[in-house]
Amino acid sequence: MMYEGQAISLQIVEPGIAELVFDVQGASVNSLTSAVFEELQAAVQQLRAAQGIDGLLLRSAKSNFIVGADIPELARRSKQGPEELAPWMAGVHALLCEIESLPLVSVAAVNGLALGGGFEMALSADFRVLASDGKVGFPEVHLGLFPGWGGTVRLSRLIGAEVALSWMLSGRPQGAEAALKQGAVDAVAEPDALHASALALLRQKIAEGCDLHLVRQRKQAPLVASDTLHKQLAALDTQLGEKLDPNYPAAPSLLALVLRDITLEFKAALAAEQQGFIELLKSDSAQALVGLFLNDQLLKRKAKNALKQAGQVKQAAVIGAGIMGGGVAYQSASSGTPVLMKDIQPQALELGTATAAKLLDRQIQKGRLDEAGKNRVLQAISPTLEYQGFDQVDLVVEAVVENAAIKASVLADVESRLRDDAVLTSNTSTISISSLAESLQRPAQFCGMHFFNPVHLMPLVEVIRGRDTSPQTLATTVAYAQAMGKSPIVVNDCPGFLVNRILFPYFNGFNRLLLDGVDFERIDGVMEAFGWPMGPAYLMDVIGLDTCVHADKVMIEGFPERMGHDGVCIAEQLLEADSLGQKNGRGFYEYGVDDKGRRTRVAATRAQQLIDAAKGPALALTDQDILDRMMIPLCMEAVRCLEDGIADSAAEVDMGLILGLGFPRFRGGALRYIDSLGAADFCQRVERHAASGALYQVTEGLKARVLGGETFF
């Protein structure tokens with residue numbers, strides 16, 4: 001053994017050949033941390049000092065090669081200034097260049113995943129052998145970054161700028177066939193033959209006496225500048241650039257970097273990449289997207305911990321079919337848990353089954369499923385008008401109409417048909433779980449399970465803890481939601497729970513702007529420019545104005561001191577005029593289809609008439625004023641939810657908004673948005689709009705954060 005650490009070992013495996021093995025102790029995967037780099041540096045020094053070594057094999061002892069940089073460390077590094085980041089980055093660059101320039105042949109045996117920094121490590125070797133089931137790639141763009149340890153330079157010169165950019169801009173890992181065809185790897189081997197194949201290639205290259213200078217030039221040599229090349233690069237810039245979203249600056253920055261630096265000498269190109277990476281790492285977008293990755297990991301850890309306490313759900317049931325019930329049944333059955341779907345109306349059962357069948361047909365159209373697979377899922381959904389089989393059910397999702405009295409009656413009836421250890425849940429968006437539990441004999445085994453519509457697309461499930469809900473009930477429900485492919489967040493009971501409690505102050509702010517004479521199409525435009533997938537008027541139409549008005553009344557009843565309307569509610573007036581939104585083609589907008597079959601949307605005359613009749617004198621507001629008037633109520637309610645303990649952490653508050661509302665990902669969530677502005681600056685914005693009502697007031701807790709210099713993240 002030449003070197004042995006906690007993550008790296010180096011030994012002679014046969015005369016003239018050394019093997020460097022990545023195996024981070026105590027971790028399920030290899031990731032690259034400062035400690036790993038320190039060990040790697042020590043191993044490389046041992047290698048340089050050794051005599052008689054002609055070849056080096058790099059491999060992993062885990063099921064994946066290296067999954068990339070350590071994201072928590074990257075998040076900590078992002079708080080550092082350029083004066084600290086530059087030496088760290090330069091050190092990693094120097095280490096990979098040192099591996100690349102060793103006076104011997106090197107081969108990376110890549111199994112499983114080699115992503116980000118892991119792929120950059122493989123690229124530092126002279127040759128790469130990839131397992132047939134392995135994947136390589138650069139997913140950094142999803143974190144608001146681009147490869148920063150030589151990846152943009154080596155890959156673009158190895159396989160060409162256009163192909164390399166297509167890999168890096170998409171962030172999609174590439175399979176073995178594509179990687180081999182495009183020249184990113186030199187050979188592909190079956191997984192159980194990977195080690196032997198890589199060693200064989202290494203022996204072959206040593207025996208051939210391959211010219212290492214020529215091999216390494218493939219990854220280092222710049223393109224020769226010429227008028228023809230500049231025209232080609234300009235065309236590529238236009239072709240790729242028009243598809244990029246400027247709200248996510250990593251992709252445009254990556255495109256500009258590669259096209260600009262493809263003609264630079266190797267070291268100059270590496271220096272440019274390093275500088276660009278540091279600038280991105282410090283950006284709000286990268287901080288938000290890296291933060292979302294860590295938040296998502298937190299949710300997964302919590303769900304994993306829930307498994308330790310959870311009961312098994314081998315058979316589920318849904319009470320109330322229709323579109324929502326059918327969506328829940330589809331999600332359960334398609335993820336492997338059979339489900340009874342009960343209703344009192346045969347037509348509702350038909351609608352629920354048709355909903356599931358329609359979703360399965362879409363999967364077939366996309367090539368993700370065949371007819372046999374569709375039939376298996378449908379057979380796992382058992383429509384029924386009776387309670388037969390409910391004594392075998394482990395968990396029930398009640399999904400009847402959003403009416404407290406009806407839900408309480410149905411829940412009590414269902415409970416009487418279940419085993420004593422079964423879990424009962426209610427899919428409600430507004431009704432108190434603790435109050436619903438008052439009709440039950442076993443309130444400890446009851447909680448909320450709030451799915452978002454459409455169920456198959458929306459990843460969030462709010463698991464609501466009632467006053468008497470037991471930890472095991474919560475754990476079982478969380479585990480079931482995760483088994484369905486959802487991201488569960490446990491929240492405490494209150495009107496609107498987490499997501500709707502935060503959403504409706506946003507809608508309240510929208511109504512206030514309408515009464516101040518601001519055009520709703522302009523408001524939608526401002527909020528979509530901010531990054532929302534749709535503005536508030538369009539969003540309310542999509543949700544349904546009947547649903548919005550019902551939930552709004554629940555919120556006003558729960559928080560009358562700040563969620564009431566100073567004046568009329570336009571959505572309520574539209575509902576009274578039989579405008580439901582997209583449900584009946586009339587809301588803030590009118591919906592139709594043109595002569596080419598394309599959907600149309602135009603401002604509704606009736607909506608404008610109602611606004612004109614209700615509004616006061618028009619205020620002269622800038623787009624920034626509109627943005628602040630919309631975002632302050634939402635952000636302040638997010639702060640209150642954290643301060644009230646509705647969610648356990650800032651991460652869970654923000655993830656609820658990202659997964660449940662479509663909050664702009666590049667902004668990271670409401671609390672991260674406050675951090676990006678600076679809490680003191682945000683509070684000044686709130687105070688400037690304090691005359692707009694109780695939703696525009698700073699909490700004492702946020703004032704204390706400002707005084708203490710604290711951030712949410």
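**View A. Strands β14 and β15 pair in parallel.** Strand β14 (residues 395–398) and strand β15 (residues 423–426) run parallel and are joined by four bridges. Strands here are DSSP runs of E with at least two residues, helices are runs of H or I with at least four residues, and both are numbered from the N terminus. Two strands count as paired if DSSP finds at least two bridges between them. Within this pair, Val 396 has Leu 424 of β15 as its bridge partner. The model is predicted: local features need pLDDT of at least 70 and side-chain atom pairs count only at pLDDT 80 or more, whereas totals for chains, interfaces and linings use all residues. Residues are numbered from 1 along each chain as its sequence is written, and side-chain values use heavy atoms, with hydrogens and water left out.

**View B. The open sheet of eight strands has mixed pairing.** The strand order is β13-β12-β11-β14-β15-β16-β17-β18. β13 (381–384) and β18 (487–492) are the edges; each has a single partner strand, so one side of each lacks a neighbour in the sheet. On average, neighbouring strands are turned by 25° against each other, direction ignored; the axes are lines fitted to C-alpha atoms, for helices over the stretch in contact, and angles between N-to-C directions run from 0 to 180 degrees.

**View C. Lys 342 is buried without a salt bridge.** Lys 342 belongs to strand β12 (residues 339–342). Buried stands for under 20% relative accessible area, exposed for over 50%, and partly exposed for values in between, with a 1.4 Å probe and protein chains only. A salt bridge requires a side-chain nitrogen of Lys or Arg within 4 Å of a carboxyl oxygen of Asp or Glu. The nearest side chain of opposite charge to Lys 342 is that of Asp 413, 6.1 Å away; Lys and Arg count as positive, Asp and Glu as negative, and His and the chain ends are not counted. Leaving aside residues up to four places away in sequence, Lys 342 touches, among others, Val 318, Ile 319, Leu 349, Glu 386, Tyr 387 and Phe 390. Contact means heavy atoms within 4.5 Å.

**View D. Val 490 lies in strand β18.** Its relative accessibility is 17%, so Val 490 counts as buried. Val 490 touches Val 463, Arg 465, Leu 474, Val 478 and Ile 646, not counting residues up to four places away in sequence. Gly 656 is 166 residues from Val 490 in sequence and 10.0 Å from it in space, C-alpha to C-alpha.

**View E. Strand β7 is largely enclosed by the rest of the structure.** Five of the five residues of β7 (residues 127–131) are buried. Phe 127, Val 129 and Ala 131 point one way, while Arg 128 and Leu 130 point the other way. In a regular strand the side chains alternate between the two faces of the sheet. β7 pairs in the parallel sense with strand β5 (residues 105–110) over four bridges, and Arg 128 is the bridge partner of Ala 108. Strand β10 (residues 187–189) also runs parallel to β7, joined by three bridges, with Val 188 opposite Leu 130.

**View F. Strands β6, β8 and β9 form an open sheet with mixed pairing.** The order of the three strands is β6-β8-β9. β6 (113–115) and β9 (174–175) are the edge strands, each pairing on one side only. Three bridges join β6 in the parallel sense to strand β8 (residues 135–137), and Ala 114 has Val 136 of β8 as its bridge partner. Helix α4 (residues 117–124) packs on the sheet and touches β6 and β8; the direction of α4 makes about 95° with that of β6.

**View G. The largest nonpolar core has 105 residues.** Such a core is a set of buried Ala, Val, Leu, Ile, Met, Phe, Trp, Tyr and Cys residues joined through side-chain atoms within 4.5 Å. Met 527, Phe 588, Met 631 and Leu 634 have the most contacts inside the core. Helix α27 (residues 623–643) contributes the largest share, 12 residues. Apart from this core lies another, of 80 residues, with Ile 8, Leu 56, Phe 119 and Ala 164 among them.

**View H. Phe 497 has a positive phi, near 55°, and is not a glycine.** Phe 497 sits in the loop between β18 and α20 (499–515). With 0% relative accessibility, Phe 497 counts as buried.
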